[in-house]
Amino acid sequence: MLSERNLRALAIERQHVHRPWGGDLPSLVRHLGALQLDAIQRITRAHHHQLYTRLPRYREDHLGAAEQRREIFEYWSHAAAYIPMEHYRFARVRMNRIRAGQRHWYEKNARLCRYVLDRIRTEGPLRASDFVRAKGGWWAWSEEKKALEQLFHEGELMVSHREGFQKVFDLPERLLPAGIRTETPSDLDYGRHLVRTFLTAQGVGRPEEITYLRRHDKPAIRQAVAAMLKSGELQPCGGDLLLTADGQPSPARPARKVRLLSPFDPLVLQRKRLKRLFGFDYQLECYLPAHRRRYGYFCLPILYGDRFAGLVDLKADREAGLMRTESVHWREGPGPALEASFGLALRHFSRFHGLAADDWRKSSRVR
């Protein structure tokens, strides 16, 4: 059985937040299984932040280039995400469910779906704005945009690329590379894929963590866990599960340096798991009314070695050319080494965004 420290070290090691990923962007997305998208741009979008954390020479145009080369594609994992193109057939499971009537956001308008599909088939790739008739702005979805999204979730359309943050839709037969498998896997194969993907990226996990935000996948995952335990592909480790192929992991002690993580980073995304492994109780407060926020609008967890030292609320001020520190909340008084490492991490993080870091000490406090 792994000690609590080794469980933390294994999760950190597999996530490559301290030790950079040695391969390219597509291989990193394959390792992680999915790269969550998010539209909030207080600093930068979450997918870019996650890649910055793990790829030393990452630039924001690298992601779009990988999509254009059809090495990754956009679909739905536990949430909206970029997924390895090799995993396309596993996305077919959800596509088939939506096509069979499982509701995503809106009731399907079959007539309008046929209309927008026919236009894309005839005219080529189109955006929602190419169909917009009603006024109301981007967030007031037109009926045509709803139809596009329905067809996207059904797998009748794919995202070719994005222009700004707008999806450009096209037919799958125009986008899927030759040789990509498109057959739908069995429930057992699908469940095995989800279990292997999670444990490869996270090192250890519990069934309820593997099924996180996957309500409709729970039966397939439970079936796979039972089959994999019986076959010996999985082994229990206390309340956790390990891939037997991993042997007896002996992860290295994480480096004592600071990493500023996205609120959507896979290491911190599951708040209950985060509290269980690291004793860190964290909530992203941008979705709360201002009077209910304790720490700030968009606080980033501060990872130092194998512990979370606190939270920093940052805001990119493009006009001033500054990364502004709205507040820093330490869990306990930081020593000189932590302060120095935090300052260095903040300068590097700001430079990635083309900004200078402000004086964070003016906003520092112990909570």
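Modeller: Ala, Val, Leu, Ile, Met, Phe, Trp, Tyr, Cys and Pro count as nonpolar, Asp, Glu, Lys and Arg as charged, and the others, Gly among them, as polar. The structure under discussion is a predicted model.

Biologist: By class, which residues does the lining of the largest pocket have?

Modeller: The largest pocket has a volume of about 860 Å³. Its lining is made up of 40 residues, and Ser77, His78, Tyr212, Leu213 and Arg214 are the closest to the centre. Sorted by class, the lining has 7 charged, 14 polar and 19 nonpolar residues.

Biologist: Which element gives the most to the lining of the largest pocket?

Modeller: At least two lining residues come from each of β1 (35-36), β2 (72-76), α5 (88-99), α9 (187-202) and α10 (207-210). With 7 residues, the element that gives the most is α9.

Biologist: Is leucine 213 buried or exposed?

Modeller: Leucine 213 is found in the loop between α10 and α11 (218-231). Although leucine 213 is not a glycine, it has a positive phi of about 60 degrees. The cut-off for this term is a relative accessible area over 50%. Because its relative accessible area is 51%, leucine 213 is exposed.

Biologist: Is arginine 70 buried or exposed?

Modeller: Arginine 70 lies in the loop between α4 (61-68) and β2, and it too has a positive phi of about 60 degrees without being a glycine. The limit to apply is a relative accessible area under 20%. Because the relative accessible area of arginine 70 is 17%, this residue is buried.

Biologist: How far does helix α1 reach from its first C-alpha to its last?

Modeller: Helix α1 covers residues 4-15, which is 12 residues. At 1.5 Å a residue, 16 Å is expected. The model comes close to that, and the reach of α1 is 17 Å.

Biologist: What is included in the cover of the buried residues of α1?

Modeller: The buried residues in α1 are Leu7, Arg8, Ala9, Leu10, Ala11, Ile12, Arg14 and Gln15. Their cover includes α2 (25-32), α3 (46-54), α9, β8 (240-243), α12 (271-278) and β10 (299-304).

Biologist: Which residues does leucine 260 touch, not counting residues up to four places away in sequence?

Modeller: The largest nonpolar core has 64 residues, and Leu260 is one of those that touch the most other members, along with Leu25, Leu267, Ile302, Phe308, Leu314 and Phe342. Not counting residues up to four places away in sequence, leucine 260 touches His49, Thr53, Leu300, Pro301, Ile302, Val312, Leu314, Phe342, Ala345, Leu346 and Phe349.

Biologist: Leaving aside its neighbours within four places in sequence, which residues is serine 341 in contact with?

Modeller: Serine 341 lies in helix α13 (residues 336-352). It is buried, with a relative accessible area of 14%. Beyond its neighbours within four places in sequence, its contacts are Lys257, Val258 and Tyr304.

Biologist: Which residues line the largest cavity?

Modeller: The model has 2 cavities of 30 Å³ or more, and about 50 Å³ of space lies in the largest. Its lining divides into 2 nonpolar, 3 polar and 2 charged residues. These are His104, Trp105, Tyr106, Lys146, Glu149, Gln150 and His153.

Biologist: From which element does the largest share of the lining of the second largest cavity come?

Modeller: The second largest cavity holds about 30 Å³ of space. The largest share is 3 residues, and it comes from β2.

Terms used: Residues numbered from 1 in each chain as written. Predicted model: local features only at pLDDT ≥ 70, side-chain atom pairs only at ≥ 80, totals over all residues. Heavy atoms only, no water. 1 Å grid on protein atoms, 1.4 Å probe; cavity = no way out; pocket = protein on both sides within 12 Å on 5 of 7 lines; lining within 4 Å. Points joined across faces, edges and corners; volume = space filled by probe spheres on them. Helix = DSSP H or I, 4+ residues; strand = E, 2+ residues; numbered from the N terminus. Expected span 1.5 Å × (residues − 1). Buried < 20%, exposed > 50% of the residue type's maximum accessible area, 1.4 Å probe, protein only. Contact = heavy atoms within 4.5 Å. Core = buried A, V, L, I, M, F, W, Y, C linked by side-chain atoms within 4.5 Å.
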